[in-house]
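Hi,

Here's the structure I promised to pass on.

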Amino acid sequence: MEDSQPGSIVWHDLTVPNAEEVKNFYSAVIGWSARERDGDFEMTLPETDKAVSGVCYARGTNANLPPQWLLYVTVPSVPVACEQCVKLGGTIVDGPRRLGNNMFCVLKDPAGAHIALIEP
């Protein structure tokens, strides 16, 4: 994560059943390139190797994630943020669990919007 200051948006993912088709869509519409990464796709800026987002299959641990662009925001403590989420009327959609070396979760706020939280 380039900027791990709490509150920073550090990643964007789209999780869908048809990741191959959708990654081709964004490659054609935006000009992103795609490279396979752990069975999903990392989208890179045109003519560079800089990853800017992911397009993932809705399977396994990602099966319950909504088909929308999901922002990942850093927080000091995912468990504490999850506790606050539930206390304030939100719900935990996924996690908390490990994502590589980081703890993360996906929550739904009281209005129904989803966001991912990750510890730096």
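Buried residues account for 38% of the 120 residues in the protein. Keep in mind that this is a predicted model. Its radius of gyration is 15 Å, which agrees with the value near 14 Å that a compact globule of 120 residues would have. The C-alpha trace spans about 45 × 30 × 25 Å along its principal axes.

As for the fold, you'll find 2 helices and 8 strands, in the order β-α-β-β-β-β-α-β-β-β along the sequence. Of the contacts between residues at least 6 apart in sequence, 50% join residues at least 24 apart.

Now the rings. Searching the whole structure turns up 6 aromatic pairs. Take F25 and Y26: their ring centres are 5.0 Å apart and their planes sit at 90 degrees, so this pair counts as edge-to-face. Y26 also pairs edge-to-face with W69, at 5.3 Å centre to centre and 75 degrees between the planes.

How covered are they? Y26 is buried, at 17% relative accessible area, while F25 is partly exposed at 46% and W69 is partly exposed at 32%. Together with W32, these residues form one aromatic cluster: F25, Y26, W32 and W69.

Cheers

Note on methods. Residues numbered from 1 in each chain as written. Predicted model: local features only at pLDDT ≥ 70, side-chain atom pairs only at ≥ 80, totals over all residues. Heavy atoms only, no water. Helix = DSSP H or I, 4+ residues; strand = E, 2+ residues; numbered from the N terminus. Rg over C-alpha atoms; globule rule 2.2 N^0.38 Å. Buried < 20%, exposed > 50% of the residue type's maximum accessible area, 1.4 Å probe, protein only. Contact = heavy atoms within 4.5 Å. Phe/Tyr/Trp six-rings, centres within 6.5 Å; stacked < 30°, edge-to-face > 60°.
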